[in-house]
Amino acid sequence: MSAHSHKEIDFQIMWNRLIAVVGEQAQVLIRTAFSPIVRECEDISAGIFDLKGRMIAQAVTGTPGHVNSMAESVGHFLRHFPVSSMKEGDAYITNDPWMGTGHLNDFVITTPAFHKGRLVGLFSCTSHLMDIGGLGNGPEATDVFMEGLSIPMLKLIDRGRVNETLMAMIRANTRLPVDTEGDTYSLAACNDVGVRALCDMMDEFRLDTLDPLADFIIERSRQAVLDKIAALPQGTWSHEMTIDGYNAPLTLKARLTVSEGQVSVSYDGSPPAVGRGINVPMAYTRAYTVFGLACAISPDVPNNAGSLAPYHVEAPEGSVLNALRPAPVSSRHVIGQMLPDMVFGCLRAPLPDRVPAEGTSCLWNIAVRGQWLPKGAVASQTYALAITTNGGTGARPGLNGLSATAFPSGVHGTPVEIAEIQCPLIFWEKELRENSGGAGQTKGGDGQTMRIGTTQKQPFELLAAFDRVDHPARGALGGQDGAAGRVETASGRKLAGKGLQVLEPDEVLVLMTPGGGGLGAP
């Protein structure tokens with residue numbers, strides 16, 4: 001065996017160990033988080049970066065919107081905090097939608113990793129926080145300033161000492177100060193565990209630097225994607241999709257081009273940003289677009305800076321897919337999570353045997369808020385909760401769509417028992433919505449039906465951010481459309497798919513999540 005081959009085997013072993021390191025990082029975040037959407041649904045990202053800000057590896061859990069936007073956010077951290085200024089025990093934080101994950105409810109923390117006194121890498125992580133003040137996690141705001149506390153690029157921990165002024169500001173600007181503070185420390189703690197695990201790995205393999213390993217991983221991944229692209233037919237394909245929007249439908253437009261060494265997606269022609277918080281910052285647009293490309297073109301290649309490099313995404317400045325500050329963006333997932341469907345629509349002509357029909361796509365999160373008196377409490381308390389649910393995915397080539405499954409987000413559904421512990425809501429019904437998936441040679445996945453009431457004699461607020469109500473998921477290649485979503489009360493009062501609405505104590509909320517489109521003639 002040549003020395004070159006021996007080195008490559010060593011790198012492969014180190015790569016597997018690195019995945020275990022970031023896996024441990026992610027599990028610490030999940031197991032110590034206060035918010036149910038993190039500890040139950042794993043709405044997170046965790047990864048390790050080199051000193052150039054290149055993502056080397058990510059944990060196998062997490063959402064594309066968090067992971068792929070985190071891949072950009074570390075570069076922003078390095079602009080504000082150069083490597084030369086970093087000290088052991090430091091940690092940096094932001095929730096800037098344009099330098100983070102697209103809205104204020106996600107905190108991103110980056111921590112420099114030192115080994116034997118030398119800076120060798122960076123750990124970064126993200127998680128969703130239930131409440132960060134403002135109008136709450138819904139689309140009602142007309143600018144980002146109304147959406148909650150904004151944290152610019154700041155130092156959270158300075159050589160092991162927590163920035164108590166910043167923590168006081170965070171606690172003072174949320175309806176859930178204990179949960180929000182706890183989640184912030186959880187993010188910092190998971191990075192610290194990642195640093196310790198990395199030091200153990202470097203000691204075991206007698207490494208002084210990660211640079212050769214990072215170069216190997218990134219270049220091998222990049223070349224693997226280039227090989228996949230080289231096997232594709234070259235050309236340009238377009239796709240359009242109309243979604244509900246806020247007060248009026250929006251038609252998204254995409255043009256995908258496969259050329260030598262690159263796949264590019266342009267959203268030129270998509271509508272301008274709207275006056276409510278469903279706009280998408282460019283980082284989030286890129287995150288879900290490249291995820292859709294990877295699913296169709298390179299699903300077996302690890303996700304890192306190398307595998308992301310051959311994919312290029314652009315959208316007109318000021319459009320709904322490249323909203324500029326101070327546009328409202330709190331519910332950016334409503335449109336952003338539709339973008340893999342846009343990619344699949346473009347690729348259906350050249351790759352008909354690889355892409356599914358349209359699905360529900362955007363999460364049907366049940367965001368609720370109100371006052372309640374928990375058992376044993378002496379005074380009313382505020383609750384704010386996002387109960388994660390979804391409809392059916394689109395039918396796949398040779399396989400039916402998945403029912404009640406969050407694709408492309410990938411988060412788990414919130415267990416009913418957890419939701420009922422965290423707030424006074426009670427689920428009277430939660431079952432599959434049979435035959436809501438579109439018929440086809442393969443069938444779209446089914447949505448679900450839920451009936452939700454309250455145990456309190458007080459109303460509760462629904463911060464609705466649902467789509468596929470007026471424009472259901474379309475079937476493809478002769479497959480039938482999925483069933484549209486429905487939002488109403490048991491008495492028949494129709495509710496809007498988006499916006500803050502109040503339900504009285506005697507009202508029962510009825511949600512029917514959409515079905516996925518069918519694929520091929522039934």
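Strands S6 (residues 154-158) and S7 run antiparallel and are joined by 2 bridges. One place to look is Ile157, whose bridge partner in S7 is Val162. Please keep in mind as you browse that this is a predicted model.

Zooming out, these strands belong to an open sheet of 7 strands with antiparallel pairing, in the order S2-S1-S5-S4-S3-S6-S7. Its edges are strand S2 (55-58) and strand S7 (161-162), each of which pairs on one side only. In general, strands of a sheet pair through backbone hydrogen bonds, either parallel or antiparallel.

## Helix H4, between sheet and helix

Helix H4 (residues 164-172) packs on the sheet, where it touches strand S3 (91-94), strand S4 (106-115), S6 and S7. The direction of H4 makes about 120° with that of S6.

H4 also meets helix H5. Two packed helices are described by the angle between their axes and the distance between the axes. Here the axes of H4 and H5 come within 9 Å and cross at roughly 140°, so H4 is oblique to H5. On the H4 side the contact involves Glu164, Met167, Ile170 and Arg171; on the H5 side, Pro177, Thr180, Glu181, Thr184 and Tyr185 take part.

With 28 residues, helix H5 (residues 177-204) reaches 41 Å from its first C-alpha to its last, close to the 40 Å expected at 1.5 Å a residue. Just after H5, Arg206 takes a positive phi of about 55°.

The buried residues of H6 are Leu213, Ala214, Phe216, Ile217, Ile218, Ser221, Val225, Leu226 and Ile229.

How many disulfides does the structure hold? The count is 0. Two cysteines are worth a look here.

Cys190 has Cys125 as the partner with the closest cysteine sulfur, 3.5 Å away. A disulfide needs the two sulfur atoms within 2.5 Å, so this pair is too far apart for a bond. Cys190 is also buried, with a relative accessible area of 0%.

For Cys423, the closest cysteine sulfur is in Cys41, 13 Å away, and therefore too far for a bond. Cys423 counts as buried too, because its relative accessibility is 1% and the cut-off is under 20%.

Terms used:
Residues are numbered from 1 along each chain as its sequence is written. This is a predicted model: local features need pLDDT of at least 70, side-chain atom pairs count only at pLDDT 80 or more; totals for chains, interfaces and linings use all residues. Side-chain values use heavy atoms; hydrogens and water are left out. Helices (H or I, at least four residues) and strands (E, at least two) are DSSP runs, numbered from the N terminus. The expected span of a helix is 1.5 Å times one less than its number of residues. Two strands pair if DSSP finds at least two bridges between them. Contact means heavy atoms within 4.5 Å. Axes are lines fitted to C-alpha atoms, for helices over the stretch in contact, and angles run from 0 to 180 degrees between N-to-C directions. Buried means under 20% relative accessible area, exposed over 50%, partly exposed in between (1.4 Å probe, protein chains only). Angles under 35 degrees count as roughly parallel, over 145 as roughly antiparallel, 65 to 115 as roughly perpendicular and the rest as oblique.
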